[in-house]
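Okay, thanks everyone for coming.

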Amino acid sequence: MKKIIGSTLIGACLLFEACGNPTTDAMGNDTATASMAMDTMSTKTYEVSLVNNKKDPTCGMPVTAGISDTAHYEKYVLGFCSKECKDEFLKNPKAAIAAAELK
Ligand SMILES: [Zn+2]
């Protein structure tokens, strides 16, 4: 049951793009100035068990380092270290999916 609720939350999150975008990510980078700065949510992370990828397909960072945003791709849920990485992935998911090392 917990997983179903989690997936629903992630799905709902995708409707609000700023939802999973922390002001400061795990790397200490200030992402708030990057693009969408309408962020009223505090830092939010996702459990590694909720996603199907081992690595952020955009930057190659292991998802165990922290997931700030997620995206649905085909039947998978992918975790990303930042919204920027998700946006980059979504531009060309077919080319990047191999780097995600799906479980
Ligand atoms: Zn990344």
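Predicted model: local features only at pLDDT ≥ 70, side-chain atom pairs only at ≥ 80, totals over all residues.

Let's start at the hairpin: S1 and S2 form it, with 2 residues between them.

Now the strands themselves. S1 covers residues 69-73, and S2 runs over residues 76-80. The two pair in the antiparallel sense, over 5 bridges. If you want to find the pairing on screen, look for His-72, whose bridge partner in S2 is Val-77. Ala-71 is another one to look for, and it stands opposite Leu-78 in S2.

Let me zoom out for a second. The chain has 3 helices and 2 strands, and going along the sequence the pattern reads α-β-β-α-α. Of the 103 residues, 26% are buried. If you take the contacts with a separation of 6 or more, 48% of them are between residues 24 or more positions apart.

A word on confidence before we go further. The mean pLDDT of the chain is 78, and 58% of the residues get to 70 or more. Over residues 32-40, though, the pLDDT is below 50, and in the model that stretch has 11 contacts beyond near neighbours in sequence.

Okay, on to the inside. Which residues make up the largest nonpolar core? There are 11 of them: Tyr-46, Val-51, Val-63, Ile-67, Ala-71, Leu-78, Phe-80, Cys-81, Cys-85, Phe-89 and Ala-100. S2 and H2 each supply at least two residues of this core. As a general point, nonpolar side chains in soluble globular proteins tend to be buried together.

Phe-80 is one, and leaving out residues up to four places away in sequence, Phe-80 touches Asp-56, Thr-58, Ile-67, Ser-68, Asp-69, Thr-70, Ala-71, Cys-85, Lys-86 and Phe-89.

The other is Val-51, which lies in the loop between H1 and S1. Why do we call Val-51 buried? Because 22 other C-beta atoms lie within 10 Å of it, and 20 or more is what buried takes. Val-51 and Leu-78 are 27 residues apart in sequence, yet their C-alpha atoms are 5.2 Å apart in space. Beyond residues up to four places away, the contacts of Val-51 include Tyr-46, Val-63, Ile-67 and Gly-79.

Which residue sits 51 residues away from Asn-52 in sequence but 5.5 Å away in space, C-alpha to C-alpha? That's Lys-103. Asn-52 touches Lys-103 and Leu-102, and also Tyr-76, Val-77 and Leu-78, again not counting residues up to four places away in sequence.

Thr-64 is in that loop as well. With 10 C-beta neighbours inside 10 Å, Thr-64 counts as exposed. Its C-alpha is separated by 6.2 Å from that of Val-48, 16 residues apart along the chain.

Next, helix H2, which spans residues 83-91. Its buried residues are Lys-83, Cys-85, Lys-86 and Phe-89. Looking down the axis of H2, they fall within an arc of 155°, so they line one face of the helix.

Last stop, the segment after H3, where you'll find Glu-101. Glu-101 has a positive phi of about 50°, although it is not a glycine. With 15 C-beta neighbours inside 10 Å, Glu-101 counts as partly exposed.

That's the tour, so over to you for questions.

Note on methods:
Residues numbered from 1 in each chain as written. Helix = DSSP H or I, 4+ residues; strand = E, 2+ residues; numbered from the N terminus. Buried ≥ 20, exposed ≤ 12 C-beta atoms within 10 Å, placed from the backbone. Pairing = 2+ DSSP bridges. Arc of directions from axis to C-beta. Core = buried A, V, L, I, M, F, W, Y, C linked by C-beta atoms within 7 Å. Contact = placed C-beta atoms within 7 Å. pLDDT = per-residue confidence, 0-100.
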